[in-house]
Amino acid sequence: MTYYGSATTEDGLPRREERVEQAWARGAAPGFGTRIDPMAAALAAVRSELSDLRLRVPGVRGSAVGGVDGLLVTHDLPNGVEPHDLAALAATTFGLGRQTAVVLGQSPFRDATLRSEGGYFTVYAVNPSTLLAVLGDDGINVARLHLEARPAVARLAGHLP
């Protein structure tokens, strides 16, 4: 590539300012030689939201973000809970909830909560292709979970494509 004009040095190479602009344009961090991965930044923000939800709502054991296809995006779950299984269960719950809402004329799906003897499992629709699954123990305040999770879902939607 040939550079002309005042943006080049005597030997025809781009000046530092020009190299910095080119580096930013292709997603590299000038001076570090590494690329800035926008998806990595988005996933870090999503993980932060999941962690914040666990800390804000007593009784939340963990959470995961997955697609409506059942594939895991990321999670904040304790050891012993398989995140891929949770993402698949969230997709199944979403499918059942979505179909129920359609048949009852109450579309679109927003969330579904399942209570079992050991606790709660709640699935929220983040956007048309992404779900948030939250595991809670038996003593969780479900109303508090909904109050905290719904704004978190809106923030997650802003972080995900």
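Predicted model: local features only at pLDDT ≥ 70, side-chain atom pairs only at ≥ 80, totals over all residues.

Reader: What makes Arg150 and Asp111 a salt bridge?

Author: The closest N and O atoms of Arg150 and Asp111 are 2.9 Å apart. The cut-off is 4 Å between a side-chain nitrogen of Lys or Arg and a carboxyl oxygen of Asp or Glu, so this pair counts. Arg150 lies in helix H4 and Asp111 in strand S5, so their contact ties together parts that are 39 residues apart in sequence. Arg150, at 36% relative accessibility, is partly exposed.

Reader: How do you know that Glu49 is buried?

Author: Glu49 has a relative accessible area of 10%. Buried means under 20%, so Glu49 qualifies. Glu49 also forms a salt bridge with Arg155, at 2.8 Å from N to O. Glu49 belongs to helix H2 (residues 38-56) and Arg155 to helix H4 (residues 142-159), so this pair ties together parts that are 106 residues apart in sequence. Arg155 is partly exposed, at 35%.

Reader: What makes Glu148 and Arg144 a salt bridge?

Author: Their side chains meet at 3.5 Å, N to O. Salt bridges that share partners join Arg56, Arg144 and Glu148 into one network. In the whole structure, a search finds six salt bridges.

Reader: How do you know that strands S3 and S7 pair?

Author: Pairing needs at least two bridges, and S3 and S7 have seven, so they pair. These two strands run antiparallel, and Gly62 stands opposite Leu135 in S7. S3 also pairs with S4 (residues 72-76) in the antiparallel sense, over four bridges. Here Ala64 stands opposite His75, and Gly66 stands opposite Leu72.

Reader: Which residues separate S3 and S4, and how many are there?

Author: Four residues lie between the two strands of this hairpin, and Gly70 in the turn has a positive phi of about 90 degrees. As for S3 itself (residues 60-67), seven of its eight residues are buried.

Key. Residues numbered from 1 in each chain as written. Heavy atoms only, no water. Buried < 20%, exposed > 50% of the residue type's maximum accessible area, 1.4 Å probe, protein only.
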